[in-house]
Amino acid sequence: MKRVLPGNQKEKSNKRQKPIGLEQLDTKKQRNHEDTRGEEEESSKKQMVEARGEGSEWPFQLAFSRWVDGHTCGFRSCAKKIDPRSAAVVLATNMKVWKKVTKAQQQKSLVNWETSQVVLHAHCWDSFCSQEKGVSRKEGVMRESAEETAEFYDNQQDVLKKVEEATDLVLRSKYITSFTGAGASVTSGIGTYRGTEGIDTKEALGQGESDSEESDVDYESLVPTPTHKGLVTLYNNDKMHAVITQNCDNLHGKAGTPREVLYELHGNVFAEYCEDCEKEYFRDYCTDLYSTNCYAEKWFKKCPKCGLGHYTGRLCEDKKCKGKLRDTIINFGDFLNDNVLGGLPRATKECKKADLCFVLGSSLTVPPASLLPFKAKKVVICNLQKTDYDEKATVRIFYPCDDFVTLLLEKLGFVN
């Protein structure tokens, strides 16, 4: 009689199992090895995707991108590759001091200062700053000068978190202003003065002349950056109500920011105004070419505040006025204008009534303009260098402002 077993059980066979031969064992081992290797490769691919900022963890079309990724950490006790999961720091090497260090001492330095720029993990930089043992006097001097111009990059997770926080602030704010500095225009081709590649930095640290001397900039051919264009997009969607800038490059105007909401506190290279009636004239050429250093011209008059010239040699076109025209550039030592190109008083009022102010690409070191953002209720600072006001910011992000603005627009659902 055939025995019926419950469920899906099968009756055990009384036949002896055929022994597994060596070939079968090898095949089984190979199969297990291939399965394990496949899992390892899949895990490795997943880690690489996460490191590049792709996949579900990075919900933006714009890829997470930092030029520092892939570089070897300059802290000799680390010397590991930097990837998007780690915050990073870029330092400018004080070549004036480094060249005086002997080869033997260079090899013993805690940081490899061989190049003009050195990239470190942020935690390695913190460790180096807190370390005194093994730091030579000359390397201590180099560390101090590097700290003054250091540029920081948040990791992928922090960038995502801070973009979300900034988006939430935008959605909850009724009146928003922005305050831009040199960092907003750097990708257009204008060099900055500070930072690891700044004009002043390279000169001070003996790295040779900068490739972006301001006198060599062709302002007429400059194109607005994603930051300039992004602010116009915010304005068109009623999420930006005043744009205040320290830049003189006219890129906000060229991007499409209306004159009535634009405050160019340090002037505009394409603008001049009448010193009597204050009527403004916008040219298709740089007006300061006829004023700043035109010592031989009959209209030149040395400014007692900045030591340069401001008169352009032209007169007001109003027949009832005929006042002398001046450039709008504010040089070091000059007072900011009260009415020209928006004026400081009106810009101050805009910030005072703002729920939120974005600081984009400014180290906030030149008063009185640098004090304006903090008259707003809340502030978001996006700049690679640290500022003296970081603790006052509601959101502080270390990331290129072009990329930050692009991510913000995508999160808000706007097309730039």
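Visitor: Where does Lys-377 lie?
Guide: Lys-377 lies in the loop between β11 (356–360) and β12 (378–382), where helices (H or I, at least four residues) and strands (E, at least two) are DSSP runs numbered from the N terminus. This is a predicted model, in which local features need pLDDT of at least 70 and side-chain atom pairs count only at pLDDT 80 or more, while totals for chains, interfaces and linings use all residues. Residues are numbered from 1 along each chain as its sequence is written, and side-chain values use heavy atoms, with hydrogens and water left out.

Visitor: Is Lys-377 buried or exposed?
Guide: Lys-377 has a relative accessible area of 60%, so it counts as exposed; the classes are buried under 20%, exposed over 50% and partly exposed in between, with a 1.4 Å probe and protein chains only.

Visitor: Which peptide bond is cis?
Guide: The bond from Pro-367 to Pro-368 is cis, with omega near 0°, and Pro-368 belongs to the loop between β11 and β12.

Visitor: OK, backbone angles next. What is the phi of Asp-238?
Guide: Asp-238, a residue other than glycine, has a positive phi near 60°; Asp-238 sits in the loop between α8 (226–236) and β5, and counts as exposed because its relative accessibility is 54%.

Visitor: What about the phi of Leu-341?
Guide: Leu-341 is not a glycine either, yet its phi is positive at about 55°. Leu-341 is placed in the loop between β10 (324–327) and α10, and with a relative accessible area of 4% it is buried.

Visitor: Switching to charges: how many salt bridges are there?
Guide: The structure holds 13 salt bridges, each being a side-chain nitrogen of Lys or Arg within 4 Å of a carboxyl oxygen of Asp or Glu. One of them joins Lys-162 and Asp-154, whose closest N and O atoms are 2.9 Å apart. Lys-162 counts as buried at 16% relative accessibility, and Asp-154 is buried at 7%.

Visitor: Which side chain does Glu-272 meet in a salt bridge?
Guide: Glu-272 meets Arg-314, at 3.0 Å from N to O. Glu-272 lies in strand β7 (residues 271–274) and Arg-314 in strand β9 (residues 311–315), so this pair ties together parts that are 42 residues apart in sequence. Glu-272 has 0% relative accessibility and therefore counts as buried.

Visitor: And what does Glu-350 pair with?
Guide: Glu-350 forms a salt bridge with Lys-353, at 4.0 Å from N to O; Glu-350 is buried, its relative accessible area being 11%, whereas Lys-353 counts as partly exposed at 46%. Elsewhere, salt bridges that share partners join Glu-272, Arg-283, Arg-314 and Glu-317 into one network.

Visitor: How far is Asp-249 from the nearest side chain of opposite charge?
Guide: That side chain is Lys-254, 8.9 Å away, and Asp-249 is buried yet has no salt bridge; for charge, Lys and Arg count as positive and Asp and Glu as negative, while His and the chain ends are not counted.

Visitor: What does the side chain of Asp-249 reach, then?
Guide: From the loop between β5 (242–245) and α9 (251–255), the side chain of Asp-249 reaches the backbone nitrogen of Leu-251 at 3.0 Å. The Asp-249 side chain also makes a polar contact with the side chain of Ser-185 at 2.7 Å, a polar contact being a pair of N or O atoms within 3.5 Å; within protein, one must be able to donate a hydrogen and the other to accept it, and residues adjacent in sequence count only if both atoms are side-chain atoms.
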